[in-house]
Structure formats: structure tokens, C-alpha cells
Amino acid sequence: MRERARSTEDKRQRSADLLDAAESLALEQGGVRFVTVAAVTERAGLHRTGARRYYASKEELLLELAERGWNRWRDAIGAAAGDRTGLGPADVAAVIVDTIATLPVFCDLLSHVAMSLEGDVDLERARRYKTNAFAAHDEIVGTLDRASTMTAGQLQGLMAATIALAASFWQVSHPTPTLARLYEEVPRWGHVALDFEPKLRRLLQATATGLAAAV
């Protein structure tokens, strides 16, 4: 068991360790719904009450993980766009899909943030999440605005579609054990349900094209 953190840097590292532990457990167990504070604390090598020094609840921990996901997505889009210019709607959709698909836990969290996490933390923590998530969102739009032929308004619409579709499709494509068994019995349903990235790509390319064509 690790000693209690004393310095600011140690505390920052412990906080990051807890986020890493939660993310790895979500990946191993099939989603954040199965993650417990006890398992996260054990994975991070802390005393069973250690997580409470950094996060008041599981909801606060997962909201922090979602916030980190926004920052990672912003950075991934920045790297993918680079100094490119003149990207058409289909190219913009490809950049969005290629980057968000590398962040499965973030895709999972997008549903939970809207359904419960934001409402289950205190006001100031919810305010901080909103502030930082919107800042990352706006940076993504700004990056794609500079790199593409789409307008900022069109990109904002595409981002809204991305968040809604990625959140929904991720949940459907990561079924509970009951549904997983059902899909084994009826493969046709399973094929439709588990087609996360290709389905997201097709619909976002169509959405981007439609938004760019709209008057």
C-alpha cells in the first residue's frame, strides 16, 4: 500500500493514477457502469478510503474522467488536423470518427454524463465540468473551422450529432451479458448492434455533407 501523498505533485499524480485505474477497469469490464470505487482504489494501490481524499464519490471520479476525455479528443483532433486546409465534409467526418473511436471510455461516458453524472455532483463541480468541456468543444470547432470548408455553425451541428450518435452507438455495441447472449442466438441483431465505428462513420459523413449543403 502506498504512503499518503504530501506534495502537490504527489497529490496530482495520485489523482491521475485513480483516473487511469478507473479507465483500465472500464475497458476490462465492459463499461463504466461496472466500475466501483473499491476496485479503482485497489488498482491504484491506495488504502480503501484513499480515493475519497481526491474524489467525493464515484460520480465525481467519472466526471473527471469524462473531462479528461474531452481534452484528449481535442488534442487528437488538433494532431489529426495539423496544418491541413480545405478539408471537405467527408474528410472532417473522418477526422472526427478516427479520433473519437480511439477513446472508447469517453464514448461510454458521454451517455452517463448526460443521464446522471452532472446531476449527482455538487454545483461547483458541475460548473467546472461544463466550463472545461465547452472550452474543449469550442477548440475542436475552431481547429476544424481553420482546417475545413465547413462553417463554424455547420461544425457545431456536426459535433452535436457526433456526441449523440457516439454515446448511443457505444452503449448498443457494448451489450449487457443478457443481450450478448441474445445476439449470439440471433446473429442478425448482433451484427446491426455491434457495428459501432462503420455505422458512426457512415452517418456522420452523411450528416456533414447535408449540413454543408444546407442553406
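The close-ups below all come from a predicted model.

**View 1. The annotated domain at residues 12-73.** Let us start with a stretch named in a database record. UniProt, in an unreviewed entry, places the feature "domain: HTH tetR-type" at residues 12-73. In the model this span is 68% helix and 0% strand. Its end C-alpha atoms lie 21 Å apart.

**View 2. The annotated region at residues 36-55, with Gly 45.** The unreviewed UniProt entry also carries the annotation "DNA-binding region", which covers residues 36-55. Here the chain is 40% helix and 0% strand, and 13 Å separate the end C-alpha atoms. Look for Gly 45 in the loop between helix H2 (37-44) and H3.

**View 3. Two tryptophans in helix H3.** A search of the whole structure finds 3 aromatic pairs. In one of them, the ring centres of Trp 70 and Trp 73 are 5.6 Å apart and the planes meet at 45°, so the pair is tilted. How far apart are Trp 70 and Trp 73 in helix H3? They sit 3 residues apart in this helix (residues 58-81), and are therefore separated by about one helical turn. An α-helix has 3.6 residues a turn, so residues three or four places apart point the same way. Trp 73 is buried, with a relative accessible area of 0%.

**View 4. Trp 70 meets Phe 106.** Stay with Trp 70, which is buried at a relative accessible area of 5%. The rings of Trp 70 and Phe 106 have centres 5.4 Å apart and planes at 75°; planes over 60 degrees apart count as edge-to-face, so this pair is edge-to-face. The pair links distant parts of the chain, with Trp 70 in helix H3 and Phe 106 in helix H5, 36 residues apart. Phe 106 is buried too, with a relative accessible area of 4%. Together, Trp 70, Trp 73 and Phe 106 form one aromatic cluster.

**View 5. Helix H5 and its bend.** Helix H5 (residues 104-117) bends by about 30° at Ser 111. How many of the 14 residues of H5 are buried? The number is 10, and H5 is mostly covered. Among the buried residues are Phe 106, Ser 111, Val 113 and Leu 117.

**View 6. The largest pocket.** The largest pocket holds about 270 Å³ of space. It is lined by 14 residues, and Trp 70, Val 113, Tyr 129, Lys 130 and Ile 163 lie nearest its centre. H5, helix H6 (123-147) and helix H7 (152-173) are the elements that give two or more residues to this lining. Which element provides the largest share of the lining? That is H6, with 5 residues. By type, the lining residues divide into 10 nonpolar, 2 polar and 2 charged.

How values were computed
Residues are numbered from 1 along each chain as its sequence is written. This is a predicted model: local features need pLDDT of at least 70, side-chain atom pairs count only at pLDDT 80 or more; totals for chains, interfaces and linings use all residues. Side-chain values use heavy atoms; hydrogens and water are left out. UniProt positions are given in the numbering used here, feature names are shortened, and annotations may be inferred rather than shown by experiment. Helices (H or I, at least four residues) and strands (E, at least two) are DSSP runs, numbered from the N terminus. The bend at a residue is the angle between axes fitted to the seven residues ending there and the seven starting there. Buried means under 20% relative accessible area, exposed over 50%, partly exposed in between (1.4 Å probe, protein chains only). On a 1 Å grid over the protein atoms alone, a cavity is a set of points where a 1.4 Å probe fits but cannot get out, and a pocket is an open set with protein on both sides within 12 Å along at least five of seven lines; lining residues have an atom within 4 Å of a point. Grid points are joined across faces, edges and corners, and a volume is the space filled by probe spheres set on the points. Ala, Val, Leu, Ile, Met, Phe, Trp, Tyr, Cys and Pro count as nonpolar, Asp, Glu, Lys and Arg as charged, and the others, Gly among them, as polar. Rings of Phe, Tyr and Trp (its six-membered ring) pair if their centres lie within 6.5 Å; planes under 30 degrees apart count as stacked, over 60 as edge-to-face and the rest as tilted.
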